[in-house]
Amino acid sequence: MTYNSMKNNRFLIILIAGGLLSACATTPAPSIYKGGQASKPAPTVDENAPVVRALSAPGFKETPLQAKPLPAKPLSSYAPSALAPSTPMTPGVDYAQSATSAAGAQANTQISTQANIQANAGVAAASNQINSAKSMTTAKLDSGVGQVNQATASANKAAGTLALPAASLSGSPAARQLASSADAAMARGDLTASAASLERALRIEPNNAGLWSRLAEVRLRQGDTVQAEQLALKANGLAGGDAALRSRNDQIVAQARGR
Amino acid sequence: MRHFFFTVLKLGLALFVVGALAIGLYATHLDRIVQERFSGSLWALPAKVYARALELYVGLPLSPAQLERELRRLGYRSTEGAPRAGEYRKAGAEWEVYARHAEHFDGEEPERLLRLRFEAERLSGLWDAERVPVAVARLEPLVIGSFYPDKQEDRVMLRLQDTPPLLVHALLAVEDRAYFEHHGVNPWTIMRAMLVNIGSGELTQGGSTITQQLAKNFFLSHERTLVRKLNELIMAVELELHYSKEQILEAYLNEVWLGQEGSRAIHGFGLASEFYFGRPIAELAPDQIALLVGMVKGASYYNPRRNPERALERRNVVLGVMAQQGLLKPEQLDLWRARPLGVTENANAGQGLYPAFLQLVSQQLRREYDENSLSTLGLKIYTTLDPEAQMQVEKAVQEQLPVLEKSRKLPVDSLQAAAVITEPVSGEILAMLGDRNPRFSGFNRALDARRPIGSLVKPAIYLTALERPAQFTLSSLIADEPMTIEQAGSPPWSPQNYDHRFRGDVPLYKALANSLNLPAVRVGLDVSVQEVAATVERLGGRAPEKPTPSMLLGALDMAPVEVTQMMQTLAAGGFRTPMRAIRAVLDADGQPLARYVLTVRQDAQPQPVFLVTYAMQATVREGTAAALGRALPALRLAGKTGTTNDMRDSWFAGFSADRLMVVWVGRDDNQPTKLTGGSGALPIFTQVIRALPQQPRPAEAPQGIEWVTTDLSTGRRATAACPAAVDLPYIEGSAPVEWSGCGEVAPNDFLDPSARPGAQGVDSGSNEESLVDWLNKIIP
């Protein structure tokens, strides 16, 4: 180590100290979180600092600072178990943000529905012609890349007037439970969730005509008349001798075709 | 003298002011960098790809061994005590599985104890902890891959509140005890370091706080220079000015580098836990936490897989610190220290194991998302892959190909194979194999190898015919006789059966079941080659633009996925469902970006499709795939063999109610394999289907079908007393009307051997390999 480089290093180190001093002198002291003080309010971002959108990456929820301050005291001890590695701690899991909802997808949904109600003198009831273009839900990625969502958007309001007989609930307990949660989702207007439940049920019972008929209804309500018709035909192919279900499917086909 | 003193003072003051100003300006510059970095996404998050989640419900065909394999893939541990999350216990026929909390694209599953009971390879009971029956539950999906950015940093985001407190405390105890007291830099350690450094003139002393380490990792190179140190100090202070201790700590937990696997860098404790222990961080025991904390010092040097002794030593040092800090009971320290490292053998159960399937997924995703979105936005991609089906097909191919090579005296490793398994009703692809080596990620034969399909085209020929019920029924007698076809511009063509034998009149369904060539050509020409080509395309296959008669014997090229699509339409009763590998794509916050929903389109009427399926069931029962029927009679499988010229390609396609599989065996150099569809692809199909849980094809016919007892030798109505009579399905109105007066006519040897006890059919004789399949040769 030469004298010169030592001098150089010393100078730099002095500069560091100077810089730190000047930094401390010109900026207000940050509020500092003292671990373990339960009464300590959530630390705030320095108001004098430029506006900062702190820590928001995808999947990276900004830490709710009021949540669970770290205990300052050592934690209670953890007992090793002889047989299996035990896990003494299970942190509370935040379920808040994980539920899938159609809301996000529907936020920027363009619905093009054209509902014509034609009174038909020969038929007692007016049938709804939901003549809806298969509407495409467009969701945008953060990067600005458009992404076509295959889920068809809903023609909810028009379909609200549909009067179809309820499809019978048959099959295994699993299929019945999924079908009834699909019914519940449909009743509250969440057609995406309803369809998802029905697809799940169909994976369990691919030949359950009642499930196919329900899915046809969901698509009809969403304004996807092409799929509504095809699914109702599929349901009919599996309905066997269930006359009530066949008639229901026929009604779906008729409405989908706008007759 | 005084003058000199003031000059010096002024000079010093000026120097100081200039210096402070320069530093201040520089600090402002760094501050901008710090804030820019934190203003957007902290990290580029690779898209994660998930397999299907296993649904559990009463009646599910599932053996205990299959369940255990699934649990092991997911990193569940067997225990003898009461299970906690991520553990299971076997107690005779009853199992207890403590399922983890799981997020699915269409909802979530709570963490809960499930009690399961098995009976005869089926789930016969499912209850929760209080023995309340559970209708349906699902396990979490296996991660099967990621799309990395160029930097190839991989991580599983971990929130501070989800981090085990013990981990945080141990980390701070080892790395930065005064973390919650200092302002980003610890003046005492800095001072001490400075003194030492000024003395030695070198920067050897560390004393880095967590904040400094984060600043270093985020913004700076890893070289040890004074300028870098200076930047690090300033940036650490600035980090602390703008962000809370928790935010910095959380960033640190996710940023820290904890391992490497090839070009994939393992960042953060969340991923490290999966990477080393195969389970979520919440399930780690204190000794495992200690190992991860110890690795912060040098993840490569203390790599527990490569340097287990060093890692163990380091872990025990950390355990000592933890005990000293009151995080562990001192008297239990030795117990913890005595435990083995407990890292898993393989880095990850699912990652990189399914290249062929992931190729398909990525092909689809790249059509819809740009590279950058895939590798940075933390998308969650839920796919249809069934790891169990995938494992079975890999196993079968790896076991069968060497046997086939040996029996046919082919060079070792000369055979190649491709396979696709789907759920035909939903169109979901459960497994895909593109090479006999399932880890090979190059040429994917399932997707890209177009080969002649041979007799797999015959169902399309006969469907075209059976769609004309006035003209053709299953009992229509087709002449198996010599024929010559005049073609404009080509020499006349005389197709042959392999054995050059002619059988006279053969009922249509037997012609398909035994894959006879001449009847197929005859029927195909009758309905026209163009019509057959149209049917192939209608079903989802690929037909040549200008079809020639040779197409009727399979001179048309298709990739296994295309054959799958075609067969799927038949399996689903004429409804075509586009094949899907992806169910949904969610963004990092769990909001849906895309759902790939089930769609169907009726491309053929259910009745003629049912008739073709019946004939394909006869193929398995008594025809060219009779070996399969003997092996698995209960599934009522439908199938078709395919063999091409000189036996270059061996195909089999078949389906039950909920599984469809297409297998191709051949050689990349297109040399003969000496294998027919029945001897090459069929054994692989049989092994896989035998191992997969599934449901038999329903026996019920769709509406519009009637059953009529038919005398096969005449194609007329008969009573059950007639020895050559069978019950055959007909489209209503197309069944024969006239009675045969059977009994006077001597039964033809070829016809329906099953109707005459003791008779040996030509096709289902004692030979393991069906003779008629042998005939199934293409004449070009």
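Among the contacts in chain A of this predicted model that join residues at least 6 apart in sequence, 57% link residues at least 24 apart. Chain A has 259 residues, of which 38% count as buried. Its secondary structure consists of eight helices and four strands.

The nonpolar interior can be followed next. In soluble globular proteins, nonpolar side chains tend to be buried together. Here the largest nonpolar core holds 269 residues, and the members with the most contacts inside this core are A417(B), A419(B), A615(B) and V663(B). Helix α21 of chain B, spanning residues 606-622, supplies the largest share of the core, with nine residues.

A615(B), one of the residues with the most contacts inside the core, shows what such a position looks like. Leaving aside residues up to four places away in sequence, A615(B) touches Y462(B), L474(B), Y509(B), L512(B) and A513(B).

For chain B the mean pLDDT is 87, and 92% of the residues reach 70 or more. Residues 749-780 of chain B are a stretch where pLDDT stays under 50. For the complex, the predictor gives an ipTM of 0.81 and a pTM of 0.76.

Terms used:
Residues are numbered from 1 along each chain as its sequence is written. Chains are lettered from A and ligands numbered from 1 in the order in which they are written. This is a predicted model: local features need pLDDT of at least 70, side-chain atom pairs count only at pLDDT 80 or more; totals for chains, interfaces and linings use all residues. pLDDT is the predictor's confidence in each residue, from 0 to 100. Two residues are in contact if their C-beta atoms, placed from the backbone, lie within 7 Å. A nonpolar core is a set of buried Ala, Val, Leu, Ile, Met, Phe, Trp, Tyr and Cys residues joined through C-beta atoms within 7 Å. A residue is buried if 20 or more other C-beta atoms lie within 10 Å of its own, exposed if 12 or fewer, and partly exposed in between; C-beta atoms are placed from the backbone. Helices (H or I, at least four residues) and strands (E, at least two) are DSSP runs, numbered from the N terminus.
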